[in-house]
Amino acid sequence: MNPKLTNYLNGVFTPYDGVKSVTELKADLLSDLQERYLELKSEGKDDETAFAMTIASIGDIEQTILEVANLSRSLERQVLTNFSASNLTQSDFAGVTAHKGQFNASALHGSDFSGADLTGSSFKSSDMREANFDGANLTDCVLSAVDLAKASFNQSLLVRTNFSITGLDGAAFKGVKLTDVTFNKLDLRKTIFDQCSFTGVNFESSDLSGQRFDGQFFNGVKFDKSALNEASFKGATLRNVSFIPFFSLTNKYYRTIKTISFDGAAMDKLTYAALKGIGANLSNVTVI
């Protein structure tokens, strides 16, 4: 076996050590080159000429290796981010990066995702009670048909995050900036929102009865067709917030609206006018 060929390939393949498919390519290529080299020698070529012609016969090998390595690494990443249908109760995912991860139909009760970057990941039909998402990046994540009872989202990054048909009893959102988040058709009566800001958030058709939003910030938020009996927005700031009723204005609806507290709240003229028009008590509200 010609050691010059071996040394040449070792140098070319060094940046891709550890990539399985590239290692296999290297072994196959070395065998082919050795065979080509011996053929050239049998034709009477000297060592230097045979070596040069052998190397020239493989063309742009570095480009080929790069393409194989990129494909292999892409496939490896897919394997490393697919945890669907797995028993991962109390697993440690703290600080991991798992873009577009798949955590569907999995047991993730009590698992730790604190500080993780889970951008674009999918959590569907999973048990995620008491999961820890503190400081996690949940941008573009889908949490559908998931049990998130007592889950923690303290200072999480929630952008375009979709919560649908999800259980959030006792789940805590503290110090969170929620942007374009969807909470459609959910029971949020026992969910905790503390020191949060809501921008473009959609609470449409959700039950927020008794919810406390005191001192929090709302911009472009929709509470359309939501139940807000005894809800409180004391000291909150509301800009362009929508409260479209889920049924025609009846005495029952007027009574419900009057149970919402806006004491000490500040709101823009349009939000003020909309709430005034449906009978909300705005006696201690500041128009901004």
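## Parallel sheets and stacked rings

Strands 10 and 11 (residues 266-267) pair in the parallel sense over two bridges, where strands are DSSP runs of E with at least two residues and helices are runs of H or I with at least four, all numbered from the N terminus. Two strands count as paired if DSSP finds at least two bridges between them. Thr237 has Ala266 as its bridge partner in strand 11.

Before going further, a word on the model: it is predicted, so local features need pLDDT of at least 70 and side-chain atom pairs count only at pLDDT 80 or more, while totals for chains, interfaces and linings use all residues. Residues are numbered from 1 along each chain as its sequence is written, and side-chain values use heavy atoms, with hydrogens and water left out.

Another open sheet has three strands in the order 1-2-4, and its pairing is parallel. Here the edge strands, each pairing on one side only, are strand 1 (122-124) and strand 4 (162-164). From one strand to the next the twist averages 5°, using axes that are lines fitted to C-alpha atoms and angles from 0 to 180 degrees between N-to-C directions. Strand 2 (residues 142-144) is joined to strand 4 by three bridges, and Leu143 has Phe163 as its bridge partner there.

Ser144 is also found in strand 2. With 17% relative accessibility, Ser144 counts as buried; the term means under 20% relative accessible area, with exposed over 50% and partly exposed in between (1.4 Å probe, protein chains only). Leaving aside neighbours within four places in sequence, Ser144 is in contact (heavy atoms within 4.5 Å) with Phe123, Lys124, Ser125, Ser164 and Thr166.

**Phenylalanines inside**

What residues touch the most other members of the largest nonpolar core? They are Phe123, Phe133, Phe173, Phe183, Phe223, Phe233 and Phe262, out of 58 residues in that core. Such a core is a set of buried Ala, Val, Leu, Ile, Met, Phe, Trp, Tyr and Cys residues joined through side-chain atoms within 4.5 Å. Not counting residues up to four places away in sequence, Phe173 touches, among others, Phe153, Leu158, Phe163, Phe183 and Ile192.

The whole structure holds 36 aromatic pairs. Rings of Phe, Tyr and Trp (its six-membered ring) pair if their centres lie within 6.5 Å; planes under 30 degrees apart count as stacked, over 60 as edge-to-face and the rest as tilted. Two stacked pairs are set out here.

| Pair | Centre to centre | Angle between planes |
|---|---|---|
| Phe113 and Phe133 | 5.0 Å | 5° |
| Phe203 and Phe223 | 5.1 Å | 0° |

Phe113 lies in the loop between helix 4 (61-80) and strand 1, and Phe133 in the loop between strand 1 and strand 2, so the pair ties together parts that are 20 residues apart in sequence. Both Phe113 and Phe133 are buried.

Phe203 sits in the loop between strand 8 (197-199) and strand 9 (217-219) and Phe223 in the loop between strand 9 and strand 10 (237-239), so this pair also ties together parts that are 20 residues apart in sequence. Phe203 is buried, at a relative accessible area of 0%, and Phe223 counts as buried at 1%.
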